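Reader: I would like to learn how to read pockets, cavities and helix packing in a model. Please take me through them one at a time.

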Amino acid sequence: MAKTMIFAHRGASKLAPENTMPAFELAQASGADGIETDVQLTKDQIPVLIHDENLRRTTNGTGFVQDYTYAELESLDAGSWFSSEFSDVSIVSLDAFLRWFKHQSMFLNIELKTNVIEYKDIESIVYELLKQHHVLDRTVISSFNPRSLIRMKKINPSVPTAFLTSTKMINLVDYAKSLNANALHVKHRLLDKRLVKQCKEKKIKLRIYTVNRPSMMKKCYKLGVDAIFTDVPHEAIEQRMLAEKHRKD
Ligand code: G3P
Ligand code: MG
């Protein structure tokens with residue numbers, strides 16, 4: 001059975017403000033296999049790494065990401081909401097992140113946040129950046145919005161894509177296949193043996209989010225899912241070592 005990969009969800013987001021450079025650096029230091037991050041577009045069409053469409057929760061700003069230029073967003077404090085220790089942390093652009101990421105030996109999951117606001121051209125803008133930084137061969141693009149995945153495949157059919165969902169659906173695997181997606185990224189409560197089997201049969205990768213509890217980590221490792229997304233990559237690595245040891249004993 002292949003090793004279950006561990007993706008740091010929004011970086012090591014339990015230890016540092018989500019989707020910021022400290023969270024990504026801690027993910028790398030923890031030994032995570034990959035990083036998951038969320039992308040939205042600014043008013044001047046710069047992809048930035050932030051989970052919410054609205055600035056309120058994770059910065060000292062107000063209003064929507066799409067209503068500000070990147071230069072305006074850069075001056076916001078994106079760390080104090082988490083802890084005063086991170087008051088000098090700002091929103092990072094995808095470009096700035098990739099300048100760091102391309103020197104790391106990790107995988108990347110770019111989640112296009114197009115399920116609330118369907119940002120015009122986000123797919124091609126993100127694709128060009130990934131290409132420019134030579135990371136396309138270790139990146140998967142995911143989205144809750146199937147239209148985003150279809151658009152990405154039109155740009156380049158060989159870019160790996162993943163359909164994201166938290167909704168139980170009878171023919172989920174077939175639906176993902178119909179989008180030409182290469183993987184399914186599903187919420188942990190949708191995970192069962194049957195889904196693992198169907199994904200194996202239909203040759204589609206199965207990755208589970210957000211797995212923070214040791215009991216759920218154990219379940220994922222036991223079922224042999226392809227990857228998990230976790231806010232606590234250091235704990236997931238420890239649990240994976242224990243699971244491997246248990247298997248050998
Ligand atoms: O990509 C997995 C997960 O990040 C999807 O949900 O809301 O945490 O971006 P969310
Ligand atoms: Mg996400």
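Reader: How do the residues of the lining of the largest pocket divide into nonpolar, polar and charged?

Author: First, the ground rules. This is a predicted model, in which local features need pLDDT of at least 70 and side-chain atom pairs count only at pLDDT 80 or more, while totals for chains, interfaces and linings use all residues. Residues are numbered from 1 along each chain as its sequence is written, chains are lettered from A and ligands numbered from 1 in the order in which they are written, and side-chain values use heavy atoms, with hydrogens and water left out.

Author: Rolling a probe the size of a water molecule over the atoms shows where empty space is left. On a 1 Å grid over the protein atoms alone, a pocket is an open set of points with protein on both sides within 12 Å along at least five of seven lines; a cavity is a set where a 1.4 Å probe fits but cannot get out; lining residues have an atom within 4 Å of a point. Ala, Val, Leu, Ile, Met, Phe, Trp, Tyr, Cys and Pro count as nonpolar, Asp, Glu, Lys and Arg as charged, and the others, Gly among them, as polar. Here the lining of the largest pocket has nine nonpolar, four polar and six charged residues.

Reader: Which residues lie nearest the centre of the largest pocket?

Author: Of its 19 lining residues, those are Met 5, Phe 7, Phe 107, Lys 205 and Arg 207. Strands are DSSP runs of E with at least two residues, helices are runs of H or I with at least four, and both are numbered from the N terminus. At least two lining residues each come from β1 (5-9), β4 (107-112), β5 (139-143) and β8 (205-209). The space in this pocket is about 320 Å³, where a volume is the space filled by probe spheres set on grid points joined across faces, edges and corners.

Reader: How many cavities of 30 Å³ or more does a search of the whole structure find?

Author: The search finds one. The largest cavity holds about 70 Å³ of space, and its lining includes Glu 18, His 51 and Ile 91. That lining divides into four nonpolar, five polar and one charged.

Reader: How should I read the crossing of helix α4 and helix α5?

Author: Two packed helices are described by the angle between their axes and the distance between the axes. Axes are lines fitted to C-alpha atoms, for helices over the stretch in contact, and angles run from 0 to 180 degrees between N-to-C directions. The axes of α4 (residues 122-132) and α5 (residues 146-155) come within 9 Å and cross at roughly 50°. The two are therefore oblique to each other; angles under 35 degrees count as roughly parallel, over 145 as roughly antiparallel, 65 to 115 as roughly perpendicular and the rest as oblique.

Reader: Which residues of α4 and α5 meet?

Author: Contact means heavy atoms within 4.5 Å. Glu 123, Ser 124 and Tyr 127 of α4 meet Ser 148, Arg 151, Met 152 and Ile 155 of α5. This contact has three nonpolar, two polar and two charged residues.
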